[in-house]
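Hello,

Here is the structure I said I would pass on. My notes on it follow below.

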Amino acid sequence: MAYSQPFPLAQTQAKAVPPPNFAPDLAIRLICPDCRDPNPNIVEEFGSGDLVCGNCGLVLGDRIVDTRSEWRTFANDEGDDPSRVGAASDPLMEGMEQLDTVISFRDGGSGIARELQRAASRSQNSRSERNLLTAFRDIASWCDQFSLPKTISDIAKQLYRRSDEEKLLRGKPLDAVIAACIFIACRQAHVPRTFREICNLTHVSKKVLGQCYKALEQAFNLSPGATAASNNTSSALGPENLLVRYCNHLDLPANVQSITSDIIIAARSHGIADGRSPVSIAGGAIYFTCLLLGKTKSLRDISTVAGVSEGTIRLVYRQYYAERKKLVKQEWIDDGKANLERLPFDSTK
């Protein structure tokens, strides 16, 4: 994200006093109490774990932790492996213990391992941390099912953690909060998904999802489709943004997508089909363009991909057909790409 703390609250609050930063005092020097040399020669013997004066041999400290890399390495490359044990630290887990203790399942059938695992999980993490880890796992799982990139998963996790810290959605179902975070993350990353697609994935009702989305949008002042680095107020869920996926699912050529986008923009400028949902407009515009260019694509296929009824697509098509001369560019007709005679008059009610 672009700012130090992702998703700041919309209302400005009084800045909290930062906690004191504890660091070693570099002005203090460690001197051997026997030889009192102003330029001490302090040697760290990691083999024995001692801190020894190099001049007189006095042991100044014991049990020194070896912070160097291990000598043994199993890497494919030759040489010492500078890496330490464990995975890289996760910035989303900041302030939480990131090293886990795993207890084996093999206990001879006595059931002691299960009890030990339960006790270890309770002692390692608090209830809030366990809930956060559970939410992170659900977000990652649902993003994988939806074939969403890791960037969207990280944005959704950041948004969920910020909402959990501010207690914005207390009392709301966990699935609904996660669904709202994924929906907003998709819009932030300019790969929007519709409410219906998110509801089908998470099995959350559209009403509860809308309530959680509105609460997060008002709390963090999220303009529709705005990224973290810009304040662009253009809607990221416009019909033209849905054309890429729909045309790919329908196996349509690239020129159909570009012409459909131009038709949608022209229709918006003339106020045609205003008030319709972006999904309905995208489906109707694709149907209009396919007939205009002579691309055979059935109404049922478009309805299945767009997720709207065939009657809704016909309704948008009739509105486009009534103003077809305003939507179709003359250069398309001159180049032989489009032909207005291919557009049938739909009198179905």
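Helices here are DSSP runs of H or I with at least four residues, strands are runs of E with at least two, and both are numbered from the N terminus. By that count the chain has 13 helices and three strands. Please keep in mind that this is a predicted model.

For the chain as a whole, 35% of the 349 residues count as buried. Among contacts with a separation of 6 or more, 60% are between residues 24 or more positions apart.

I looked at two places in detail.

The first is helix α6, residues 206–220. At 1.5 Å a residue, its 15 residues should span 21 Å, and the end C-alpha atoms are 21 Å apart, so the two values agree. The buried residues in α6 are L209, G210, C212, Y213, L216, E217, A219 and F220. They pack against α3 (150–166), α4 (174–188) and α5 (195–202). Just after α6, N221 has a positive phi of about 55°.

On the α10 side the contact is made by L299, R300, I302 and S303, and on the α11 side by E310, I313 and R314. By class, this contact has three nonpolar, one polar and three charged residues.

Regards

Methods
Residues are numbered from 1 along each chain as its sequence is written. This is a predicted model: local features need pLDDT of at least 70, side-chain atom pairs count only at pLDDT 80 or more; totals for chains, interfaces and linings use all residues. Side-chain values use heavy atoms; hydrogens and water are left out. The expected span of a helix is 1.5 Å times one less than its number of residues. Buried means under 20% relative accessible area, exposed over 50%, partly exposed in between (1.4 Å probe, protein chains only). Contact means heavy atoms within 4.5 Å. Ala, Val, Leu, Ile, Met, Phe, Trp, Tyr, Cys and Pro count as nonpolar, Asp, Glu, Lys and Arg as charged, and the others, Gly among them, as polar.
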